[in-house]
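I opened my notebook to record what I could look up in one protein model.

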Amino acid sequence: MLRSLHLLGFGVVSPFLLQGKPRSLFALPLIAAFSKSGGLSSPQAALLPVSGCRSGGGYFRAFRMSSGASETSAHADVASGLAVVPPVAHKPNISFCQACGNPTKDVVPEGEEKIRAVCTVCGRIHYENPKMVVGCLVEHNDKILLCKRKIEPSYGLWTLPAGYLEIGESAAEGAVRETLEEACAEVEIVSPFAQLDIPCIGQSYIIFRARLKTPYFSPGPESLECALFALDDIPFDSLAFSSIIVTLKMYIEDKNAGNLKFHYCTINKRPGASPSDPHGFDLDYHLH
Ligand SMILES: [Zn+2]
């Protein structure tokens, strides 16, 4: 889908934009180009805030990209992240073999390129892969269901009902289960809304739009409270995670435009930002 993305260009990008002060995520003219291999042929970056962000701190680095391909109308807000940022060098954090319990050693196994935790006795190689987080954007009477976290991290901050996918369930099933666990709400899935990859922490989110089967919810054991928020009242200064901030921003933009779409994004921690700052991120890649 990205093979044919190319420069549309609204003109020259001013130094002002490149210094990070434009006012809308989706208002930025096109700046960069993709080669046929999908790489940025003209990597540049602009820092820009998400429109409507109340905190003033949620700057996304993004480019507005449009597809020149006739076979698709998809387009992407893209920055340097996808093509030019090298993968995070992951150091294994497994100390003992999960098969025999003996110590592991961090080595590059023969025929591989990455450091793995390898058992010093049985030789088992322990692969660590990203975790999938699934959750629901529960819509009810033009409001969205949020849960205030009763657990760390981000105790006391608001989030969408979401959690780790379990083996044996589909992403949709996991999202429904998490919503039942965290908000005691029975929901049915409406459609997938977003996939958000966070490579630096090895997580990938899938968020579904969902509706309440019955107009009932209450805080589960991991929630202090649950509440429906009108889109104008979403507490962006008190949201728990960058993924939730991004999801809600995209949802509000779509609702305001009267066109709900599926979004694919990558989120990376902004250099120098505190790991605990949910606004300290860049939206490095955005296809919808
Ligand atoms: Zn072993």
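**Entry 1: ground rules.** I noted that residues are numbered from 1 along each chain as its sequence is written. This is a predicted model, where local features need pLDDT of at least 70, side-chain atom pairs count only at pLDDT 80 or more, and totals for chains, interfaces and linings use all residues.

**Entry 2: confidence.** I looked up pLDDT, the predictor's confidence in each residue, from 0 to 100. Its mean over the protein is 77. I found that 69% of the residues reach 70 or more. Over residues 1-73, pLDDT stays under 50. The model has 139 contacts beyond four places in sequence for that stretch. A contact needs two C-beta atoms, placed from the backbone, within 7 Å. Residues 78-84 also stay under 50, with 28 contacts beyond four places in sequence.

**Entry 3: overview.** I read off four helices and 17 strands. These are DSSP runs numbered from the N terminus: helices are H or I with at least four residues, strands are E with at least two. Of the 288 residues, 35% count as buried. Buried means 20 or more other C-beta atoms within 10 Å of a residue's own; exposed means 12 or fewer; partly exposed lies in between, with C-beta atoms placed from the backbone. I then took the contacts with a separation of 6 or more, and 60% of them join residues 24 or more positions apart.

**Entry 4: around S10.** Which strands pair with S10? I counted a pair where DSSP finds at least two bridges between two strands. Strand S9 (residues 131-140) runs antiparallel to S10 (residues 143-149), with two bridges. There, Glu139 stands opposite Ile144. The hairpin of S9 and S10 has two residues between the strands, and Asn141 takes a positive phi near 50°. S15 (residues 223-230) is also antiparallel to S10, joined by seven bridges. Lys143 faces Ala230 in that pairing.

**Entry 5: around S13.** I followed S13 next. S13 and S14 are antiparallel over ten bridges. S13 and S16 are parallel over four bridges. Gln195 turns up in both pairings: Ile206 stands opposite Gln195 in S14, and Tyr264 is the bridge partner of Gln195 in S16. In the S13 and S14 hairpin, four residues lie between the strands, and Gly202 has a positive phi near 65°.

**Entry 6: the core.** I looked for nonpolar cores, meaning sets of buried Ala, Val, Leu, Ile, Met, Phe, Trp, Tyr and Cys residues joined through C-beta atoms within 7 Å. The largest has 47 residues. Cys136, Leu137, Val138, Leu145, Ile207 and Phe208 have the most contacts inside it. Elements that supply at least two residues each include S9, S10, helix H3 (171-183) and S14 (203-212). H4 gives the largest share, six residues. I also checked Ile207: beyond four places in sequence, its contacts are Gly135, Leu137, Leu160, Phe193, Ala194 and Thr247.

**Entry 7: Pro103.** Is Pro103 buried or exposed? Pro103 is exposed, because 11 other C-beta atoms lie within 10 Å. I found Pro103 in the loop between helix H2 (81-84) and strand S6 (104-107). Pro103 and Cys119 are 16 residues apart in sequence and 6.1 Å apart in space, C-alpha to C-alpha. Leaving out residues up to four places away in sequence, Pro103 touches Ser95, Phe96 and Thr120.
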